[in-house]
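Please read these notes with the model open beside you. They are meant to be checked point by point.

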Amino acid sequence: MESIKKRESYEMNRYPVKILAIGAGGLQRALTHQFVDDLNKNNLYHGGIYIGQPRGSEKAEAFNQQDGIYHVVTFDLNGIKAIKQIESVVGATTLATTEGQERFYSQTENQLDLILVGVTEAGIAKGEIAMDILHQTLSRYHAHHGSKSTISVINTDNIRNNGHTLREIIVNNYPTSSSQVTKWLKNRVDFLDQMGDRIVPQSDAVPTTIREEAISQIDRPDRLITYTESLPLISLVLHDPHCRLRLPFEKLEKFGVIVSQASIDPFHDWKLLLVNAVHVPGITHKGFLSGIETVNEASTHPLFGPHLERLMSGYAGVVLQDIPIPGRQALDYTMDFVRRIREIEDSNARINVNETVKLRERASDIIMSANYHTTTTQFRSEFAYSFATVLRFLTPIERNGDTYIGQTDLGQRYEIADPNRFIQDALIGAFGQEDVGQRLRRILAQTKLWTPPGSALPVDLSRNSDFVDRLISLYRQLVNGRTCLQLLAEIQDVLQG
């Protein structure tokens, strides 16, 4: 904490504070923070980022000790491709203490352009610290700058309608001091939808040789080295309907950045269904349950690898019919991501959290699509198998208070981290049971699990009887002795007949 106090006056030395960031995660550092750095260094912007770390203080302390400077290391399985020094962060504090929060709020005296919220979907709800901080930050900004001011807010977590979700939480769930503040929030604060894409593995999942080489090339201590892939073809898409975003992100088109007045829903849906679905339900749970630690190893496995390509080809066929984007090919987009995950080392375990939300965002649309029934029998079986493996992962062998314990096909135990316990409670005790249909139908018919926030139409997955029948049959085998690899081999044998 003392180091934060000592450095708190330093932030104006390089750039004025124009951006507040709630969260200090790797995706922010490798995406939005890097893009701000690019804008600054190309004289397209002149502003710095002040970070609030929601829990703990280690990252805030590191930022301050390092004068906000850190490095983004681009690598693949062949080695380091580039190291970029990032200088856009000009200060940081912890939000875990009242004193740290006040340091963060004091930055609202500056003329700000943007507030970044970089926490996962688990933190996007009323009463979570990030939302409490965002509410108070906006209130303080209005108090300093009045009802004629404008500011943009971006939620960098890839949930559907993420800007709208933030707006609904702040406007509808938090009290304001006056009707003027309420009107300002509704009309002058732009909660922008965004879609961001870049693989940022945890440092300990990066090969030791890569880490050692990076440290040797960086000429200063760096506790915030961020390891990532090269920028994808589409890295950041922002919906700015009122054209009030003051950061010229549109100038970064060569880096895959798109800023649009039109809805970005198709881009977001493609990201969720053709990129994120490659991870879940595509490969990570199957790999983890089979004792495979890394995503790249699972995606190149002689059985899982071809299965993943077939699965995502089927996804692409449905998505292209349901959500066409002129000039873009769904199959090319999803296969490019399959290629990307094969070229960078990442941990299956890192990705296997918040499964209920991920299944809702990445599988429900396929199940409920009218074009589901035009797909091949092979795709429908492999899709149901993929969904079943996630449910198998969520099936506890025991519960100790609030801790739910699962077990891999190799007998290794793990804690199930999904904060929504409905599926886990419904499936506990399912191992060794032949009659699992009622449990699964209850899960699929629970519309609260599958209906997107703000949607007026409830989503009931049990209405797709073809999917239900396939899922029940496959899940029953997974909890009665078949491993993920054995069952996939049997599915392939039957389909290739």
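1. Basis. This is a predicted model, in which local features need pLDDT of at least 70 and side-chain atom pairs count only at pLDDT 80 or more, while totals for chains, interfaces and linings use all residues. Residues are numbered from 1 along each chain as its sequence is written, and side-chain values use heavy atoms, with hydrogens and water left out.

2. Overall build. The chain has 22 helices and 15 strands. Both are DSSP runs numbered from the N terminus: helices are H or I with at least four residues, strands are E with at least two. Along the principal axes, the C-alpha atoms fill a box of roughly 70 × 55 × 50 Å. The radius of gyration is 23 Å, which agrees with the value near 23 Å for a compact globule of 497 residues. That radius is taken over C-alpha atoms, and the globule rule is 2.2 Å times the number of residues to the power 0.38.

3. Burial and contact range. Of the 497 residues, 57% count as buried. Buried means under 20% relative accessible area, exposed means over 50%, and partly exposed lies in between (1.4 Å probe, protein chains only). Take the contacts between residues at least 6 apart in sequence: 77% of them join residues at least 24 apart. Contact here means heavy atoms within 4.5 Å.

4. H10 against H13. Two packed helices are described by the angle between their axes and the distance between the axes. Helix H10 (residues 265-289) packs on helix H13 (residues 330-342) at about 45°, with the axes 9 Å apart. Axes are lines fitted to C-alpha atoms, for helices over the stretch in contact, and angles run from 0 to 180 degrees between N-to-C directions. H10 and H13 are therefore oblique to each other. The cut-offs: under 35 degrees is roughly parallel, over 145 roughly antiparallel, 65 to 115 roughly perpendicular, and the rest oblique. The crossing of H10 and H13 is right-handed. A crossing is right-handed if the near helix is turned clockwise from the far one by less than a right angle, and left-handed if anticlockwise.

5. Residues between H10 and H13. H10 contributes Trp270, Lys271, Leu274, Val275, Val278, His279 and Ile283; H13 contributes Ala330, Tyr333, Thr334, Phe337, Val338 and Ile341. They divide into 10 nonpolar, two polar and one charged. Nonpolar covers Ala, Val, Leu, Ile, Met, Phe, Trp, Tyr, Cys and Pro; charged covers Asp, Glu, Lys and Arg; the others, Gly among them, are polar.

6. H12 against H13. Helix H12 (residues 304-322) packs on H13 at about 150°, with the axes 8 Å apart. H12 is therefore roughly antiparallel to H13. The crossing of H12 and H13 is right-handed. From H12, the contact uses Gly305, Leu308, Glu309, Met312, Ser313, Ala316 and Leu320; from H13, it uses Ala330, Leu331, Thr334, Met335, Val338, Ile341 and Arg342. The residues of this contact divide into nine nonpolar, three polar and two charged.

7. Backbone to check. Pro281 lies in helix H10. The peptide bond from Val280 to Pro281 is cis, with omega near 15°. Cys243, not a glycine, has a positive phi of about 55°. Cys243 sits in the loop between strand S11 (236-239) and strand S12 (257-260). Asn354 has a positive phi too, near 55°. Asn354 is in the loop between helix H14 (348-351) and helix H15 (355-362), and is buried at 8% relative accessibility.

8. Ile351. This residue lies in helix H14 and is buried, with a relative accessible area of 6%. Ile351 and Val280 are 71 residues apart along the chain, yet their C-alpha atoms are separated by 8.1 Å. Beyond neighbours within four places in sequence, Ile351 is in contact with His279, Val280, Thr284, Val295, Asp346 and Lys358.

9. Ile367. Which residues does Ile367 contact, leaving aside neighbours within four places in sequence? They are Tyr372, Phe383, Phe387, Leu461, Asn464 and Phe467. Ile367 is in helix H16 (residues 364-368) and is buried at 2% relative accessible area. Ile367 and Leu461 are 94 residues apart in sequence and 6.8 Å apart in space, C-alpha to C-alpha.

10. Asp67. This residue is in the loop between helix H4 (58-65) and strand S3 (70-76). Asp67 is partly exposed, at 25% relative accessible area.
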